[in-house]
Amino acid sequence: NLTLRNIAGLVGMKMGTSVLIKPLRNDPKYREILSREFNLLTPENSLKFGSLSPERGKYNFDAADEIVDFAQKHKMQIHGQTLVWYRNLPDWLENAQWSREEAMDILKQHIYTVVNRYRDQISSWDVVNEAINQKGTLRGSFWLDKIGEDYIEMAFRWANEADPNARLFYNDHEGEELGIKSDGIYKLVKELRQKNVPIHGVGFQMHTSIKTRPDIKAVAANIKRLGELGLEVTITEMDVKIGDDKRPLSDKLTSQANIYQDIANVCLQAPNCNTLTTWGLSDNFSWIPIYFKHPDAPLLFDQSYKPKPAYFAVFRAF
Ligand code: XIL
């Protein structure tokens, strides 16, 4: 069958998408396309701390379990997103005072609980998400504030203790090319490697647009230098905005397709990159219009699940 997951498989690539629990529960067509076209799923929100544990000491794994079951049934790999983030924290955590010891204990228990529960099912994790700011230094966050800068290495060590087989990633946006932020990420992960912290790769979110179109040579060079540290790179959350451009739709969709093709190609060419994940299945389920309050169509499938030029472009790249 000529599907993305099959073609990707032939060239040793994983083709992923993020998945939302609502359409997974309610929409047979959504389920059909997921299982037909993708061989990797990333729960879009269901594994975040605030989603899992709205009450202290209690966890609700229903949504995450359903996604994991679905993925296993359809022989799809699962990527966990995310254990440590400055956003989507439970209110009970953010709205109270904690000592350093307490914050460390909460984070450790959280990582142990979640990673251990899925140790035979979730093979890779974004352990720390978006810890670097635009200046290339550590971003202010609950965890930095309460624990200090070593919260990052602690998180990786705890995740590794909870599942020694899991591949552990640092994930961020706007660090895909070369520049101040990606240098900051490079410096962070290099130091982690030097300290023997168990980190296996860097996730490039790749939220981009036809206006800012990524500099492919710089992305290739960045993947290469991370490879020289012994790190894998995965494209974790790709989408390509077209909304803020005045050209005819067909031209915009072609530009979008070219970017998808270039990124698929650059990952395919790099020995240390073998996963391309889009942030959402189809345009009607993209986070972009909600978050940026502007209509858009950043994904591989349109509102009625029709494959777009971008879909065929990834196909061509593989
Ligand atoms: C986004 C989800 O797509 C939204 O549904 C949610 O409301 C907020 O989070 N970077 C990340 C993802 O690492 O977890 C974010 O996902 C998008 C930006």
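UniProt positions are given here in the numbering of this model, with feature names shortened, and such annotations may be inferred rather than shown by experiment. With that in mind, an unreviewed UniProt entry places the feature "domain: GH10" at residues 14-317. The end C-alpha atoms of this span lie 13 Å apart, and the span is 44% helix and 17% strand (helices, H or I, of at least four residues and strands, E, of at least two are DSSP runs numbered from the N terminus).

The structure is a predicted model, in which local features need pLDDT of at least 70, side-chain atom pairs count only at pLDDT 80 or more, and totals for chains, interfaces and linings use all residues. Residues are numbered from 1 along each chain as its sequence is written. The protein averages a pLDDT (the predictor's confidence in each residue, from 0 to 100) of 97, and 100% of the residues score at least 70. The model scores ipTM 0.99 and pTM 0.98.

Turning to the ligand, Glu 44, Asn 45, Gln 81, Asn 129, Gln 205, Glu 237 and Trp 287 surround it, each with a C-beta atom, placed from the backbone, within 6 Å of the molecule.
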